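Subject: Structure handover

Hello,

Here is the structure I promised to pass on. Please open it alongside this note.

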Amino acid sequence: MSAFDFDIAVVGAGPAGLAAAALAASKGASVVLLDEQAEPGGQIYRAVTETPVRDRKVLGPDYWHGAELLGPLRDSGAAHWPGSTVWSVARPREDGPDGQRRIQIGLSRNGAAALLTVRHVILATGALERPFPIPGWTLPGVLGAGAAQVLLKTSGLVPSGATVMAGSGPLLWLLAWQYLQAGARIDAILDTTPKENWRAALPLLPGFLRSPYLGKGMKLMLEVRRKLTVIGNVTALRAEGGLAGEGVLKSVVYTRNGTEHRLPADTLLLHHGVIPNLNLANATGCAQRWDEQQRCWRPTTDEWGATSVEGVSLAGDGAGIGGARAAEEAGRLTALDALHRLGRIGREQRDHSAAPFRAALDRALTGRAFLDTLYTPAEAFRVPADDTIVCRCEEITAGAVREAVRLGCSGPNQAKSFLRCGMGPCQGRLCGPTVTEVIAAERGVSPAEVGYYRLRPPVKPITLAELAALPKTDADIDAVFKH
Amino acid sequence: MTATASPKPVSFCPDVIVIGGGLHGCSAALHLSMRGVRVLVLEKDHVARHASGVNAGGVRQLGRHVAEVPLSVASMALWHGIRDLVDDDCGFESHGQIKVAETEAELETARARVADLNALGFTHEEVVGQEELRSLVPAIADHCVGALVSRGDGAAIPFRTTFAFRRKAIALGARFQEGGAVTRLVRQGGLWTVETADGGRFEAPVVVNAAGAWADRIAAQAGEPVPLEVIAPMLMITARVAPFIKPVVGATGRTLSFKQFPNGTVLIGGGLLGRAVRDENRTELDFSQVSVNARTVWDLFPCMRGATIVRSWAGIEARMPDDIPVIGPSGTEPDLYHSFGFSAHGFQLGPIVGRITADLITAGSTDLPIDPFRIGRFAA
Amino acid sequence: MFRRLPEIETAAEKVSFTIDGRPASARAGDSVAAALLANGVTACRNTPVSGAARGPYCMMGVCFDCLVTIDGTGNRQGCQVRVAPGMAAETQNGKREVER
């Protein structure tokens, strides 16, 4: 048996992963925290250990809370392996010598791949931005708002030139506010929040009024509305390039009250909320379900984060969007449950220890329903027009997907085989939700009935060289991990 | 007309029920429909969901078991006219298939095989030396000494091919019912009754068992159990690279299937096995075996060492103990025909085996030698 | 188009590297994708499917649009690799050549 025989592997060093690893290790389990980035923080707390934006007023207090998760991790004794890309999680052929279940993780570090065997895996793979397919969204100069926020956090970069932000959701307002603090130029914010969403969200307002988001969110949004040009009720968007639509972004056309307007733009930042980054869970075989309220797919979990695959749990936004503070508490709950499943703590102790975390989780989730309902993107942005590219990697349009349905493809996997949509390197991360909704709309059935891509490992590309050199002996495995 | 997913009472009275919507089921349906026979295909998931939709797409005569050669040669003629048969070119490209020899001993085996085939009257395979191999496959590793070549071979796109057969069959009057597995097969009074898990009940005078990795269950219902093994051959595919190879390449001494599609992606397979859980429509990959496959590519194609693998998968396939399929009439029941067990190399045979099945059903016999494939060979 | 916040510009530890052979400068800690954007390079590749220009989109390693050639190895996600002194970053046109 290798020296690296961990009880628990946690995948992802965002709030859920940091909290889960710290708690499990502090209770005596041997834990390894695997993360793709060089520094912890995930996306929401990206670069929290090293951001060049030292003026705390720019990124704001919610961001800096992330730094408080680092000390407990360090003190817990958990191993932290940054720069590790996990590309597979699976049940191996045999159980361990003690008859206990083993989970096998395929991962790459420093250009070398290896298979790591653990007893339990907590996936804390977080979220990604919901795809925002509009004509021209593949033009250079069009980025996600989350992407722009990463550029700010990691590199202190802000847009220059003509800059337009578009979409809806808390992150859009937060970024606009951060740009205001930093003195960046924003020419307009095109708010696509559908009018009818306000009506639908109204019954959920009481919950939101009790929510921690209310105070901060309102303050932030009011300041942005006061100081920047915000254009509401935008129902359509397209990004335009240079001559004959080629080259890079040149302008943005938006529709409001039936009229089109054109704005010059060097940068367009799009945002329609975030959705679970579920590729690894899906490829592991975890069942997933369509969440009508959040209008996205999420792996099916119980109240402890256990998935349909024994030995694999999920915590944080990767299991369903709840935000950073909820992710942290969910990480702790999942860690307690993992300890219980490994026989390290009894059920009563688990439940007793969980009580404060569960209370904090409930508090952190207050008002979520209101936000989810208010910020559900309009159908035109989820089920785009024929000429809009939906699969960026393979350049497949919504029209091609509809045609495939008319030819007999009833779901995304058939459409994938037929058209190649979803076969590119992103493995459906940027087209999956759209393809499901386009097929559902074309067939007149719910997205739940249509289903989602069936994903397989490797969930991130690995080189043939790495695969060929996959170590076979313990000494070889140790050599890879000691790097 | 598109397939419906919900079961309905049948107002369409089929002459033949085909169990299984893979390529062999769709091919039987097409050839029968071409002869005016009314066909109903029952597919438990959706057409091409399993082996037929996810295999390596090799269209080869090369290296086949001698019993398969006459069928394969006849099928290749159909492949070269596939557009006329199914109104779709199926992505078929013919740049030859090559089986590389890494040692003199392997090359000698190749020569012996060609001699055997020639003696039987088949000339589609030939042996080439190092120089010719290098001109056919410039990227091949230096140590390779020659190869067995079938120049008329090639590759196609499996899902598209199976779909095309289905579409053409439907255009000629066939019907497809998807979503319910066959649970019961009973013959009474000259008629087969077939029941499905979603409550369907269908009747026809003739049944074709093209149920792939589940065909042993159908055969067992007819009183002729067979030793079918469920396997999960694994494949992987790379990101697009600039075109560098045209023929499909395999190896003599180790398992490999290697081809580059027109879109630039490179497909790597060869029959290394993962694990199949057929009742859950699920396969598991075995990365230590995938690693062996990668090692083979490393050895034979040095230029591929930096290639990135973007996806791997495994289909659910049936293998027979002697590695050749079951084709032909039932040994126990009248009006039941088998077309299964293609042991990870059935794709190229799809067009011809459907024709053979149609021959047997409409004329009672076929011109191609199918005795080696009889189901009775497994009877104790 | 992106610019560095002034307070960071002055405090920056600069890293010298090249973009398509041209000398460029970035900040230690920048990803290659961020460094390209900071140097005014908006499009980092053309797609192998249609030749359309693409640039970074997600900055978190999920979109695969920021693919560039780094020190001779193609198809590297620029947002996942930190810029290092002397690094050669090249924009990618069409399919990646085998053996690069």
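Below is what came out of the analysis.

First, a caution: this is a predicted model. Please read everything that follows with that in mind.

**Overall form of chain A**

Chain A contains 20 helices and 23 strands. Its C-alpha atoms occupy a box of roughly 70 × 50 × 40 Å along the principal axes. The radius of gyration is 23 Å. A compact globule of 483 residues would come out near 23 Å, so the value agrees with that expectation. Of the 483 residues in chain A, 58% are buried. Take the contacts in chain A between residues at least 6 apart in sequence: 69% of these join residues at least 24 apart.

**Domains**

Chain A is split into three parts. Domain 1 covers 6-128 + 275-345, domain 2 covers 132-272, and domain 3 covers 379-450. Between domain 1 and domain 3 of chain A, the C-alpha centres are 30 Å apart. Six residues of domain 1 and five residues of domain 3 make up their contact. On the domain 1 side, five of the residues are nonpolar, one is polar and none is charged.

**A hairpin in the open**

Strands β14(A) (residues 249-256) and β15(A) (residues 259-264) form a hairpin, with two residues between them. Asn257(A) sits in that turn and has a positive phi of about 50 degrees. The two strands run antiparallel and are joined by six bridges. Arg256(A) is placed opposite Thr259(A) of β15(A). How many of the six residues of β15(A) are buried? The number is zero, so the strand lies largely in the open. For that step, buried means 20 or more other C-beta atoms within 10 Å of the residue's own.

**Where chain A meets chain C**

Here 40 residues of chain A contact 33 residues of chain C. On the chain A side, the elements giving two or more residues are β7 (127-129), β8 (142-144), α5 (145-155) and β9 (157-159). Helix α5(A) gives the most, with six residues. By class, this side of chain A has 18 nonpolar, 14 polar and eight charged residues.

Strand pairing also crosses between the chains. β9(A) pairs with β1(C) (residues 2-4) in the antiparallel sense, over three bridges. Within this pairing, Val158(A) stands opposite Arg3(C).

Best regards

Technical notes: Residues are numbered from 1 along each chain as its sequence is written. Chains are lettered from A and ligands numbered from 1 in the order in which they are written. This is a predicted model: local features need pLDDT of at least 70, side-chain atom pairs count only at pLDDT 80 or more; totals for chains, interfaces and linings use all residues. Helices (H or I, at least four residues) and strands (E, at least two) are DSSP runs, numbered from the N terminus. The radius of gyration is taken over C-alpha atoms; the globule rule is 2.2 Å times the number of residues to the power 0.38. A residue is buried if 20 or more other C-beta atoms lie within 10 Å of its own, exposed if 12 or fewer, and partly exposed in between; C-beta atoms are placed from the backbone. Two residues are in contact if their C-beta atoms, placed from the backbone, lie within 7 Å. Two strands pair if DSSP finds at least two bridges between them. Ala, Val, Leu, Ile, Met, Phe, Trp, Tyr, Cys and Pro count as nonpolar, Asp, Glu, Lys and Arg as charged, and the others, Gly among them, as polar. Domain bounds come from an automatic or database domain assignment.
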